[in-house]
Amino acid sequence: MKALLKQNIAQHISLSENETEEFCNLFEQKLISKKSFLLREGEICKFEGFVTKGLFRVYHIDKNGFEQILYFAIENWWITDIDSFTTEIPSQLFIEALEDSEVLLISKNNKEFAYANLPKIEKLFRVMTQKTHVALQRRMIDNLSKTADSRYIEFTEKYPQLIQRLSNIQIAAYLGITNVFLSNIRKKIAVKK
């Protein structure tokens, strides 16, 4: 399980074998069954997670009861509620396994220990935070400026590995549209081909 984490770290920073091993040992493995929650709204998020197997959705339920999916996380992706994790306030998010999944979790104390004892780890999380901010900014701009049709097409091109693993309802919730509207988009695309 930790081999994938080690590969992920190496994509961002260079650590010695000992540093990598010391950092990876700060993580705890957790198995999550399909439809189980890693985090529920109202709980304080006490982890940052690295997905080694499976699929998660990170979402919020608005005041009208509609699900708003912030993102999905598959193998080699990180998951957390960074607001709750950082500020230790109750989460507004749910993190649910959509498949039987495995995740490596690091606690706030262990992350702080890594910052103090493995200085390069701060760079790792800074680089990942910057990439996350870029992705969120692009997603916000896309949601404000692009049609649902173009957002769907870009989603299928950017995340082809997710299309077969998600339901139409989940994809629609991520795109901020109804399932019926998504079906209409798919029909239009099929006619054009």
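Tutor: A pocket is an open set of points on a 1 Å grid over the protein atoms alone, where a 1.4 Å probe fits and protein lies on both sides within 12 Å along at least five of seven lines; a lining residue has an atom within 4 Å of a point. Points are joined across faces, edges and corners, and the volume is the space filled by probe spheres set on them. The model is predicted, so to speak of local features pLDDT must be at least 70, and side-chain atom pairs count only at pLDDT 80 or more, whereas totals for chains, interfaces and linings use all residues. Numbering starts from 1 along each chain as its sequence is written, and side-chain values use heavy atoms, with hydrogens and water left out.

Student: What volume does the second largest pocket have?

Tutor: The second largest pocket has a volume of about 370 Å³. It is lined by 17 residues, and those closest to its centre are Phe66, Glu67, Ala173, Gly176 and Ile177.

Student: Which element gives the most to that lining?

Tutor: That is α8, with five residues in the lining of the second largest pocket. Helices (H or I, at least four residues) and strands (E, at least two) are DSSP runs numbered from the N terminus. At least two lining residues come from each of β5, α5 and α8 (168–175).

Student: Tell me more about α8. Why is it described as largely enclosed?

Tutor: Six of the eight residues of α8 are buried, so the rest of the structure largely encloses this helix. Buried means under 20% relative accessible area, exposed means over 50%, and partly exposed lies in between, with a 1.4 Å probe and protein chains only. The buried residues of α8 are Gln170, Ile171, Ala172, Ala173, Tyr174 and Leu175.

Student: What covers the buried residues of α8?

Tutor: The cover includes β5 and α5, together with α6 (148–158), α7 (160–163) and α9 (179–192). Directly after α8 comes glycine 176, and its phi is positive, near 75°. Gly176 is also among the residues closest to the centre of the second largest pocket.

Student: And the largest pocket: what is its volume?

Tutor: The largest pocket has a volume of about 1500 Å³. Its lining has 48 residues, of which Tyr71, Lys131, Thr132, Ala135 and Leu136 are closest to the centre. Helix α5 (residues 120–145) supplies the largest share of this lining, 15 residues.

Student: How many residues lie between β4 and β5?

Tutor: There are five residues between these strands, which form a hairpin. In its turn, glycine 65 has a positive phi of about 85°.

Student: New topic. Is threonine 20 buried or exposed?

Tutor: Threonine 20 is buried, because its relative accessible area is 12%. This residue lies in helix α2 (residues 17–24). Apart from neighbours within four places in sequence, threonine 20 is in contact (heavy atoms within 4.5 Å) with Lys6 and Leu15.

Student: What about alanine 3: which accessibility class does it fall in?

Tutor: Alanine 3, a residue of helix α1, counts as partly exposed at 48% relative accessibility.

Student: How many Å separate alanine 3 from lysine 193?

Tutor: Their C-alpha atoms are 41 Å apart in space, and alanine 3 and lysine 193 are 190 residues apart in sequence.

Methods. Two strands pair if DSSP finds at least two bridges between them.
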